[in-house]
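Let's take a friendly walk through a protein model and see which side chains meet, and where they sit. Have the sequence and the 3D view ready as you read.

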Amino acid sequence: MTAVSRIDLTDASTFPTRRVEAWKYSDLKRWLREAPPASPQAEVSSPGAFDALGGEAILFANGRAVGVTDFIASGEQTLRLRYVSDAVGTGHTASARVSARAGARLLLLETHEGAGSAYVAHNRLELDVAAGAEVTRVVLVEEPEDAISITEADVRVEAGGVFRQTVVATGAKLQRLETRVKHFAQGAHAQVDGLYLLNGSRHADLTSVVSHLAADGTTSQLIKGVARDTARGVFQGKIVVERGADGTDARMAHNALIASERAEIDAKPELIIYADDVQCAHGNTVGTLDESALFYMQQRGIPADEARALLTQAFLIEVIDRIDHEGAREVAREWLTARL
């Protein structure tokens, strides 16, 4: 898996194909053969999903910043980061940079909101977590079924820093959310969670690379997904423990449900370990809804569709429950429930 992609929406030669190992399940070139025309200006009039939680805001509309694009957190703060797309058949790129100073507590609430059709969005985030800082990133993604979107986050965690992430994705024609985390100093912790809920012919790819570069770092990762109809879910997770990163404790789990005969789940969990005295493990399961539980619920008068929705929610909600901020957790819970 390559460490960094070099996608440039103005240059079709940079679009990866399935021959690139990290993109073998998400062939961008298949769906995007030519560079799209630039998206026009757009206005944002509707509120975001996290507006009620307050805080500062960074907003992009079709790749154009509405205000600042950089944010430095000190103390306890909330930042709402909105990537809004409202375009038809065009493409745009947006980049933000967020830093949490030593000792800061930052709640980063991120949304990817799509309107229009057949657009291409490439959104990037650079996030620095200083020594002793804590950042909780919660990401909600909802886009049209015929859109293409790629989101990349590069996260640097210093000594004693804590980074927690939860991504909730509903897919698109091709939707990829890639997170690259580097433990640059001793004792850093990362929680890199996510879920995907896919209907129709939607495709979602949750890819992550977590690199332990110093001793005594920890990583916890839980990914869950559900694919219905002809949808395709992808999870690629790699944890790399470099030489000198002794004492690393890294755990990764991916669990998914296939809810129809034509849906597809592709999973590739990886551990690469160059250090001694580490505790690392990964697991992967793909199955179907519990038919006996479904039958039991129908016998008690619950319609089949409602019973499936309740069982699906019970399966996915574990990821939401790991969000440590109560307000963000409740927004994410309601957002997910509305889409079941």
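R97 counts as partly exposed because its relative accessibility is 32%. Here buried means under 20% relative accessible area, exposed means over 50%, and partly exposed is in between, using a 1.4 Å probe and protein chains only. The model is predicted, so local features need pLDDT of at least 70 and side-chain atom pairs count only at pLDDT 80 or more, while totals for chains, interfaces and linings use all residues. Residues are numbered from 1 along each chain as its sequence is written, and side-chain values use heavy atoms, with hydrogens and water left out.

What does the side chain of R97 meet in a salt bridge? The partner is D128, at 2.6 Å from N to O. A salt bridge here is a side-chain nitrogen of Lys or Arg within 4 Å of a carboxyl oxygen of Asp or Glu. This pair links distant parts of the chain, with D128 in strand β7 (residues 120-129) and R97 in strand β5 (residues 91-100), 31 residues apart. Strands are DSSP runs (E, at least two residues), numbered from the N terminus.

By this rule the model has 24 salt bridges. Three of them are set out below.

| Salt bridge | N to O distance |
|---|---|
| D128 and R97 | 2.6 Å |
| E110 and R137 | 2.8 Å |
| R156 and E158 | 2.8 Å |

Take the pair of E110 and R137. It links distant parts of the chain: E110 is in strand β6 (residues 105-117) and R137 is in strand β8 (residues 134-142), 27 residues apart. Are these two residues, E110 and R137, buried or exposed? Both are buried.

R156 and E158 also form a salt bridge. R156 is partly exposed because its relative accessibility is 36%, and E158 is partly exposed because its relative accessible area is 24%. Elsewhere, salt bridges that share partners join E152, D154, R176, E178, R180 and D205 into one network.

Next come the rings. The structure holds 1 aromatic pair. The ring centres of F60 and Y83 lie 5.3 Å apart and their planes are at 5 degrees, so this pair is stacked. In this scheme, rings of Phe, Tyr and Trp (its six-membered ring) pair if their centres lie within 6.5 Å, and planes under 30 degrees apart count as stacked, over 60 as edge-to-face and the rest as tilted. F60 is in strand β1 (residues 56-61) and Y83 in strand β4 (residues 76-88), so the pair ties together parts that are 23 residues apart in sequence. Both F60 and Y83 are buried.

Now look at the loops. N62, in the loop between β1 and β2 (64-65), has a phi near 50 degrees, a positive value in a residue other than glycine. N62 counts as buried because its relative accessibility is 2%. D216 has a positive phi too, near 65 degrees, and lies in the loop between β13 (203-212) and β14 (218-227). At 39% relative accessibility, D216 counts as partly exposed.

D276 sits in the loop between β17 (264-273) and β18 (279-287), and counts as exposed because its relative accessibility is 60%. G244 belongs to the loop between β15 (232-241) and β16 (249-258). The C-alpha atoms of G244 and D276 are separated by 8.2 Å, although the residues are 32 apart along the chain.

Conventions:
Helices (H or I, at least four residues) and strands (E, at least two) are DSSP runs, numbered from the N terminus.
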